[in-house]
Amino acid sequence: MRQPFMIDFSINRGHEMIIDRKNGIRREELDGLELQMLQSSKIPHLLPIEWLEIDGRVTFRYGLAGRKMLLHRLQVQPLTMEQFYTLLLGIVEAFEECKHHMLRPEGCLLDDQYLFVGEQLNDIAVAYVPLKEGQLDGVPSAGDLLSLVVRWTAYIQEIDGAGLQRVLQPLNGSKWPLSELRSVLLGLIGDAFIQSGPRPNQPIVPSFIPAARQSESIDPLRLQTEMPIPQVKLHAADNQPIQLVEVEEEPDSDTTKKKLWITAAVVAIAVACVWKYIYMPSHSRSSLYISLGLSFMGIAALYMVWMRRLPTGLLAQNEESEEFIPESQPLGMWPRYEEEERLMDKAEFNIPAKPIVDLEAGSYAYVGNTADLRSKENAAEATVLLMEREGEQGLEPSLYREWAGGGAWINWQEVRFTIGRLGEQVSYEEEAHGISRLHLELEREAGTFRAKDLGSRNGSMLNGQTMIPYKSYPLAVGDVIQLAGSSGPKYELKMRG
């Protein structure tokens, strides 16, 4: 097996991903024609690439501006089957673009850490390494479409077995069935769009056909011109009368419009009277506020009358539509009254803040984690911590969190420990402002610790230095990580005995 690639990140010339090998990538291992094609044009669905050659060793740099690692996007937002098909179609289109520009699909790195997306999931980009044919054989993360499809199925919310089988069928017979797989994905995306699209209700128009003798032939034109009279009795073959129900006529649309215009005229006259008899006699600030308030109330009443006459299907469609939720809001954009509302809710319902015991300092401080306030099952958490501490022997590194004048130890047992504002997808839910849904990842292995910012919007700082997104930093005892600016929470790796 050949040497795997080494990956690093830098922000010297914008956010970049750096790919290299332990012993370097030699210039003679690269395909000259592919280098020229990558340098001469920007290829869709491929990350923009530059390279630096020193002493015959080449290092590749890929621009990541405006993109996020696909793996972390999938961990936050589960896929629908339509999104799954769209992602695969983006990969297939990347392979087709490679063939159009005399590149080989084998040069695309399909491991999770080499795949990035923009604001939309269909804006996917792949890292390409222009090694000669045969140089990528046996290299981990080299192009393997089947394994990629299998990995992505773990992030699908509800799997459609029939659709997945149609996707896997072309991959079983050939390694690169691009044209066949493309047609299958386009068909599945079209079917998913038709199934999820709105289905308008077809109005049922009652038709009345007069009885005719068997010897007579029915003229369609004559039937269209004849209008039945309500309460008509039609006789069946057994001469039993069939009572018809009288159909109520729908309200006239002209009458509805007339009522709406009358209401609008009344509101307009009322607003004009308010301004004439309240504001015009005395141009004071109080009269201005009163006039504005009454005017808004009139407009709101007119709006409610107008909304009542809209079709119910349109209102339901507007209520079901969802917008994309960003990772986090930039600092300074949060409402100032949010903290006051939370404090008022605590005072109204008498919810006491749970104290966290710091045995070394002998003080009590409230950490402020929203997960502690919402969960009733954690009421005895402090007692469990005391029992665990009685059985501990010696000192071991652990996380200590400080924010808003308080501090507490964080229970960190997993190999990978994530911090963010999503309660289910993260190991620790952080309530501070400006925290992304997946903000920071900590890793411990064989007594060593590492930290990585997961492309958060407001960033992280390690010992006062800005952390490069996705770059893995070694973490030692005494190091402090601060999230979301200078006023965000701090996490320090300390010895805990």
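Helices here are DSSP runs of H or I with at least four residues, strands are E runs of at least two, and both are numbered from the N terminus. This is a predicted model, in which local features need pLDDT of at least 70, side-chain atom pairs count only at pLDDT 80 or more, and totals for chains, interfaces and linings use all residues. Residues are numbered from 1 along each chain as its sequence is written, and side-chain values use heavy atoms, with hydrogens and water left out.

**Whole chain**

Start with everything selected. The chain has 13 helices and 24 strands. Of its 497 residues, 36% count as buried. Buried means under 20% relative accessible area, exposed means over 50%, and partly exposed lies in between (1.4 Å probe, protein chains only).

**Helix α3**

Select residues 81–100. This is helix α3, with 20 residues. From first C-alpha to last it reaches 29 Å, close to the expected 28 Å. The expected span is 1.5 Å times one less than the number of residues. Now pick Met 102, which follows α3 and has a positive phi, near 60°.

**A nonpolar patch**

Next, select Tyr 277, Ile 278, Ile 290, Leu 294 and Met 297. They make a nonpolar surface patch of about 500 Å². Areas come from the Shrake-Rupley method with a 1.4 Å probe; for residues, only the protein chains shown count as cover. Patch residues have over 30% relative accessible area and no salt bridge; like charges are joined within 9 Å, and nonpolar side chains (Val, Leu, Ile, Met, Phe, Trp, Tyr) within 5 Å. A salt bridge is a side-chain nitrogen of Lys or Arg within 4 Å of a carboxyl oxygen of Asp or Glu.

Color α8 (253–279) and α9 (285–308): each supplies at least two of the patch residues. The largest share, 3 residues, comes from α9. Met 297 lies in α9. Met 297 counts as exposed because its relative accessibility is 57%.

**A four-stranded sheet**

Move to the open sheet of 4 strands, ordered β6-β8-β9-β7, with antiparallel pairing. β6 (68–69) and β7 (108–109) stand at the edges with a single partner strand each, so one side of each has no neighbour in the sheet. Two strands pair if DSSP finds at least two bridges between them.

Zoom in on β8 (115–117) and β9 (124–128), which pair over 3 bridges. A hairpin of 6 residues joins β8 to β9. Phe 116 stands opposite Ala 125, and Leu 115 opposite Val 126. On the β7 side, β7 and β9 pair over 2 bridges, with Leu 109 opposite Ala 127.

Finish on β9. Ile 124, Val 126 and Tyr 128 on one side, and Ala 125 and Ala 127 on the other, are all buried. With 5 of its 5 residues buried, β9 is therefore largely enclosed by the rest of the structure.
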